[in-house]
Amino acid sequence: MKHLKDDWIHVCMHTHKLCFLISGHGTKGVFELLSGWRRTRENLPFKDRVADAYSDVMVSYTMTSSLYFIAFGMGASPFTNIEAVKVFCQNMCVSILLNYFYIFSFFGSCLVFAGQLEQNRYHSIFCCKIPSAEYLDRKPVWFQTMMNDGHHHTSHHETNPYQHHFIQHFLREHYNEWITNIYVKPFVVILYLIYASFSFMGCLQINDGANIINLLASESPSVSYALIQQKYFSNYSPVIGFYIYEPLEYWNGTVQEDLKTLSQGFNTVSWIEQYYQYLRVGNISATNKSDFISILQSSFLKRPEFQHFKNDIIFSKAGDENNIIASRLYLVARTSENTQREAVELLEKLRPLSLIQSIKFIVFNPTFVFMDHYGLSVTMPVLISGFGILLVLILTFFLVIHPLGNFWLILSVTSIELGVLGLMTLWNVDMDCISILCLIYTLNFAIDHCAPLLYTFVLATEHTRTQCIKNSLQEHGTAILQNVSSFLIGLVPLLFVPSNLTFTLFKCLLLAGSCTLLHCFVILPVFLTFFPPSKKHHKKKKRAKRKEREEIECIEIQENPDHVTAV
């Protein structure tokens with residue numbers, strides 16, 4: 001029951017963070033579909049508008065949802081031996097599927113309903129007929145504001161009413177011109193060099209998450225104890241229990257030498273050493289079993305200064321003969337400042353000895369539970385994320401939209417991933433289970449936002465790269481800005497949770513959102529104007545088509561001169 005309770009606690013520690021991770025992908029689909037809906041012509045039937053919006057958005061959203069499902073599906077596989085991580089990834093996979101079918105079905109139905117209301121000039125909130133402009137002009141301002149449909153009177157005849165959206169207007173009229181300005185580009189290059197430098201510096205200082213404080217509530221008394229212990233007594237390792245769980249011939253000189261060898265390098269608190277010293281001082285001989293146990297029980301353990309050792313020895317009686325079936329002693333090692341790392345090394349040194357030595361023993365300290373937890377929490381997610389990244393890259397090359405688009409996507413995701421890793425290290429975030437899961441999530445989050453922008457750019461047919469990136473930002477910038485902004489605002493409640501793990505989650509997700517936003521709106525719009533793909537071949541194709549069309553017209557004129565006269 002205790003084991004099941006511990007597993008349930010670990011599951012609850014991780015699954016309450018699920019909503020913050022799934023919200024980034026779920027709201028992305030909502031905002032992209034809304035953006036695709038707004039780009040459609042309002043004079044079209046609502047069925048055609050829904051079809052155009054879905055054909056424009058759902059292909060890329062299906063691909064990114066598949067990547068999410070693959071990455072977290074590997075974490076939910078039987079290869080993961082951490083129950084909390086496995087349950088967390090299983091919940092993520094279920095959430096991704098439910099979110100995808102929600103976007104595909106229920107949210108689409110809402111768009112159809114909104115399209116019917118809009119086509120019949122009904123109010124989207126009150127579901128009543130929108131009054132005429134003459135009627136609204138005679139009413140107060142508050143009534144006009146409540147009953148206005150948010151469109152100009154001629155908007156139903158406009159080819160692109162989405163241009164009136166304030167974010168869309170800001171991007172088109174102000175930001176696109178500013179970010180592509182030739183005087184702004186050098187500063188963006190310098191900014192990226194600073195970003196890359198700090199990221200690289202942080203990647204060289206990565207620390208593992210073997211600190212117990214990271215697992216505790218920030219205001220708990222255990223944190224105070226751990227801080228004081230690390231401040232004043234960090235030169236000593238935790239007290240390690242050394243448990244011998246088989247009958248031994250303690251009076252045998254060979255066994256005594258083996259015990260000394262195992263405890264070499266440690267300060268020991270041991271009944272065995274005290275008993276041997278007691279025998280030497282009293283010049284008492286105990287070279288056989290009966291004398292050794294008789295003196296131990298009748299003389300040594302009766303003395304007041306040695307009575308506390310009674311709890312360290314387990315006797316059994318078979319007839320008239322007493323036996324020692326188990327015993328324990330304590331080991332303390334002197335360490336340097338890096339206590340946690342040396343404690344892990346001591347653990348890794350002692351445990352293999354328990355398998356190869358003739359003496360059957362185990363070593364234990366409550367700290368080892370957390371060290372084992374962190375060792376598994378870091379090793380397994382790293383392996384899973386490595387296989388996930390490899391599989392994602394293979395799939396992106398199979399689902400080729402454009403080779404250069406895939407190349408730019410890999411570069412962008414790598415830059416964001418390394419940036420988050422380096423900056424979170426500089427922000428004193430250790431490599432623990434939460435940070436590893438956030439890095440896996442960052443991979444998908446970056447693909448989710450960079451892929452539409454990059455593929456729209458590489459498939460554009462404008463004459464210049466600058467115009468292509470302007471059109472890409474104009475088409476996807478609003479949805480990206482809305483989603484990342486809402487995602488970052490949704491992280492604010494994490495600041496008020498008194499938990500170091502939750503604060504780690506906040507730091508990692510904040511860096512993931514910020515680095516993605518920086519790349520989508522600052523770095524990529526500038527660097528894509530410097531490097532391939534070139535748009536000159538589009539000019540050549542258009543010129544070739546124009547020349548071919550002119551030649552066809554000339555041939556027709558030569559073959560039918562009367563037609564020219566008639567015209």
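Two strands count as paired if DSSP finds at least two bridges between them. Keep that in mind as we walk through this structure, which is a predicted model.

**A strand with two partners**

Let's start with strand S1, which covers residues 240–244. Four of its five residues are buried, so S1 is largely enclosed by the rest of the structure. On one hand, S1 is joined to strand S4 (residues 321–332) by five bridges, and the two run antiparallel. On the other, S1 pairs with strand S5 (residues 361–364) over four bridges, again in the antiparallel sense.

**Two nonpolar cores**

Now for the greasy parts. The largest nonpolar core has 72 residues, and the ones with the most contacts inside it are Phe 72, Ile 179, Leu 409, Met 424 and Phe 521. Helices that give two or more residues to this core include H3 (46–75), H7 (166–179), H15 (403–426) and H18 (500–527). Which helix gives the most to it? That's H16, with 19 residues.

Skipping its neighbours within four places in sequence, Ile 179 is in contact with Val 184, Lys 185, Val 188, Leu 473, Phe 521, Val 522, Pro 525 and Val 526.

There's also a second, separate core of 34 residues, which includes Ile 244, Trp 271, Tyr 275 and Tyr 278.

Asn 176 sits in helix H7. Is Asn 176 buried or exposed? Its relative accessibility is 2%, so Asn 176 counts as buried. Leaving out neighbours within four places in sequence, Asn 176 is in contact with Leu 171, Lys 470, Leu 473 and Gln 474. Its side chain reaches the backbone oxygen of Lys 470 at 3.4 Å. Asn 176 and Thr 466 are 290 residues apart in sequence, yet their C-alpha atoms are 9.2 Å apart in space.

**Rings**

Next, the aromatics: the structure holds 28 aromatic pairs. In one of them, the rings of Tyr 100 and Phe 101 have centres 5.8 Å apart and planes at 75 degrees; edge-to-face means over 60 degrees, so this pair is edge-to-face. Tyr 100 is buried, with a relative accessible area of 17%, whereas Phe 101 is exposed, at 51%.

Some rings gather in a group: Tyr 250, Trp 251, Trp 271, Tyr 275, Tyr 278, Phe 292, Phe 300, Phe 306 and Phe 309 form one aromatic cluster. Trp 271, Tyr 275 and Tyr 278 are also among the residues of the second core.

The charged end of Arg 49 sits over the ring of Trp 37, 4.1 Å from its centre.

Finally, here are two residues with a positive phi, although neither is a glycine.

| Residue | Loop | Phi | Relative accessibility |
|---|---|---|---|
| Asn 283 | between H11 (271–281) and H12 (289–298) | about 50 degrees | 71% |

Key. Residues numbered from 1 in each chain as written. Predicted model: local features only at pLDDT ≥ 70, side-chain atom pairs only at ≥ 80, totals over all residues. Heavy atoms only, no water. Core = buried A, V, L, I, M, F, W, Y, C linked by side-chain atoms within 4.5 Å. Buried < 20%, exposed > 50% of the residue type's maximum accessible area, 1.4 Å probe, protein only. Contact = heavy atoms within 4.5 Å. Polar contact = N/O pair within 3.5 Å; in protein donor to acceptor, adjacent residues only side chain to side chain. Phe/Tyr/Trp six-rings, centres within 6.5 Å; stacked < 30°, edge-to-face > 60°. Lys NZ or Arg CZ within 6 Å of the ring centre and 35° of its normal.
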